[in-house]
Amino acid sequence: MDEREYDALRMSQWRAGVAGGGFTRRDLARLALGVSAAVALAPAPATAAPAAGPIVKPLPPEWFTIRGTNAEMRWEAMADQGHLVPVDRFFVRNHTTTPIIDGSAWRLLLSGTGLSGGPVEFSLRDLRRLPSTTLTSAIECAGNGRSFYTTQQGQTVSGTAWTLGAVGVARWRGVRLSTVLRRAGITPDAVDVQPEGLDDTYVTGGVDLGRVRRPLPVSKALDDVLLAYEMNGEPLPPDHGYPVRVIVPSWIGISSIKWVGRIEVSASPLFSPWNTQFYRLFGPEHPAEGTLLGPQVVKSAFALPWNAVLAAGRRHVLRGRSWSGHGRIRRVEVSTDGGATWRPAHPVGPASDVAWQRWEFPWRPAAPGAYTVRARATDRTGATQPTESVFNSQGYLFDAVVAHPVTVA
Ligand SMILES: Nc1nc2c(c(=O)[nH]1)N[C@H]1C(S)=C(S)[C@@H](COP(=O)(O)O)O[C@H]1N2
Ligand SMILES: [Mo]
C-alpha cells in the first residue's frame, strides 16, 4: 500500500468517526477551541534531557541557514561532495529541541492492541545484536521549497520558509522494523504502527499536541522501514535521532521519527495531529477536509550559491542533483536562457529509487549580465517538474522548476 492509498483510507475513517489510540475527532474539535486535548499516552521512558539550544551540532553560516528551531543546508555546501551529505552539513528539522539521551539507559517500548502479549522492551544492545541492514536513503521535509510559493508565485503559505535545502541523503544502518515487530509478537490483526519521539511535546497556538508521532500502515512498517542507529558509518548524532530513529524510505520526512522511545502497534486505525491537521493539502483546489499528502514530488537543485557570480567567457561546470519520491530520475534538462531552450545534463554517479541523481552541465556564458539557470527533472514514472506548483495553504510539495539567479561578471 502506498502513502496516498493509506492516507485516503485513514481520512475516510477519520471522517466517519473511527478513532483508535488516543487522538479523536473530539480532540481535534477541542484543539480548535484552544482547549488542551487529552493526548497523553503511556509515559515514554524518562531518558530525555534538554540541550542548550534547539540544535547541538555547530551550524557554520557557510553551510546552514537557521530557520527557528531548524537548520537548512546551503546547496553550495554540496558542490564538492559525493553521493552522501556529510553529517556536519545535513539539514535539521526539530519541532522543539534536540534531546540529549543516555543510550545505555534508553529503552524502546512496544505496546498496543496489535501485539499478542503485553508490552515488550528493547535496549540499544538488544537492537545491535539483531541482524543489521544498511540503506542509502533520502530524507526530505514535505515543506522543502515552500518559500518559492511566495517568491515565484506570489502566494502566502504558513510554515518554515525553506528554500531547497531541507533534503539530504545518508547511509543508514540499523535493524529492520519488521524484525523488531515480529519479535514483539505482532498479530495478523494489527493495522497501524505509530512511532513516537522522546523530544518535548509540541505546543502550537497554546495547545499541547503531545509527542511528535505519526502512524504508518503495517504493510509499510513490515516492508522497508529501518530502526537506524548509524548514519554514514557513525553512531547517530544527537540532532538526527540518537540513539535510534525510524527511516521510512520515499515517504515525507515527518514519518522518519527521531529519538524513538515508544512504538504503538494497534489493531484499530490510529490518528495523530501529524496525519489529520498537518501534512494535508488545503486550498481552493482541494476539498474542505484537505487532500491527502502522497509521496514526495520531483525536485532539482543547483549546488551553487543563490546569486552565484561566474566569470564571463569561461567554461564552468554547473553541478546539481534531482530526486523524486516515485523512484529514480530518468532525465534532467537545464536552461540558461530563462526557460526558452533546454539541453540535457549529464548524469554522474549512481541512480537510486530512494535517493537522488547527481548531474553536471557545462556552460560558457558569453556576455556579462544577470541570468537565471533552471533544472527540470523527469522521474521513472514520467512525472516532470511543472512551471507552476498547485497552491496549498501549508505550502507542501513544491515541485515547480526554480529560477536560480546567477550574475556573470
Ligand atoms: N521526534 C521527532 N522526529 C522527527 C521530527 C521531530 O521534530 N521530532 N521532525 C520530523 C521532520 S518534519 C523531518 S523533515 C525529519 C528531519 O530529519 P533530520 O532533522 O534528521 O534532517 O525528522 C522528522 N522526525
Ligand atoms: Mo518535515
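Two strands pair if DSSP finds at least two bridges between them. Helices (H or I, at least four residues) and strands (E, at least two) are DSSP runs, numbered from the N terminus.

## Basis of the model

The model is predicted: local features need pLDDT of at least 70, side-chain atom pairs count only at pLDDT 80 or more, and totals for chains, interfaces and linings use all residues. Residues are numbered from 1 along each chain as its sequence is written, chains are lettered from A and ligands numbered from 1 in the order in which they are written, and side-chain values use heavy atoms, with hydrogens and water left out.

In strand 27, Val408 is the residue opposite Gly369. Strand 27 (residues 404–408) runs antiparallel to strand 26, and five bridges join the two. Strand 26 (residues 369–379) also pairs with strand 22 (residues 329–335), in the antiparallel sense and over six bridges; here Thr378 of strand 26 faces Arg331.

Strand 22 is antiparallel to strand 23 as well, through two bridges, and Glu333 has Pro344 of strand 23 as its bridge partner.

## The ligand site

Ligand 1 is surrounded by 19 residues (each with a heavy atom within 4 Å of the ligand). The closest are Phe91, His95, Asp199, Arg245 and Lys258. The shell comprises nine nonpolar, six polar and four charged residues. In this division, Ala, Val, Leu, Ile, Met, Phe, Trp, Tyr, Cys and Pro count as nonpolar, Asp, Glu, Lys and Arg as charged, and the others, Gly among them, as polar.

Oxygen atoms of ligand 1 lie 2.7 Å from a polar side-chain atom of Arg245, 2.8 Å from a polar side-chain atom of His95 and 2.8 Å from a polar backbone atom of Phe91; a polar contact is a pair of N or O atoms within 3.5 Å. The protein buries 100% of the 540 Å² that ligand 1 exposes when taken alone (Shrake-Rupley method, 1.4 Å probe). Ligand 1 sits in the largest cavity, with more than half of its atoms within 2 Å of the cavity's grid points. A cavity is a set of points, on a 1 Å grid over the protein atoms alone, where a 1.4 Å probe fits but cannot get out.

## Backbone exceptions

Most residues other than glycine have a negative phi, and most peptide bonds are trans. The bond between Tyr242 and Pro243 is cis, with omega about 5°. Pro243 belongs to the loop between strand 14 (234–235) and strand 15 (245–247).

Two non-glycine residues with positive phi are Asn232, near 50°, and Tyr279, near 60°. Asn232 occupies the loop between strand 13 (226–231) and strand 14, whereas Tyr279 is in the loop between helix 7 (273–276) and strand 17 (280–281).

Conventions. Polar contact = N/O pair within 3.5 Å; in protein donor to acceptor, adjacent residues only side chain to side chain. 1 Å grid on protein atoms, 1.4 Å probe; cavity = no way out; pocket = protein on both sides within 12 Å on 5 of 7 lines; lining within 4 Å.
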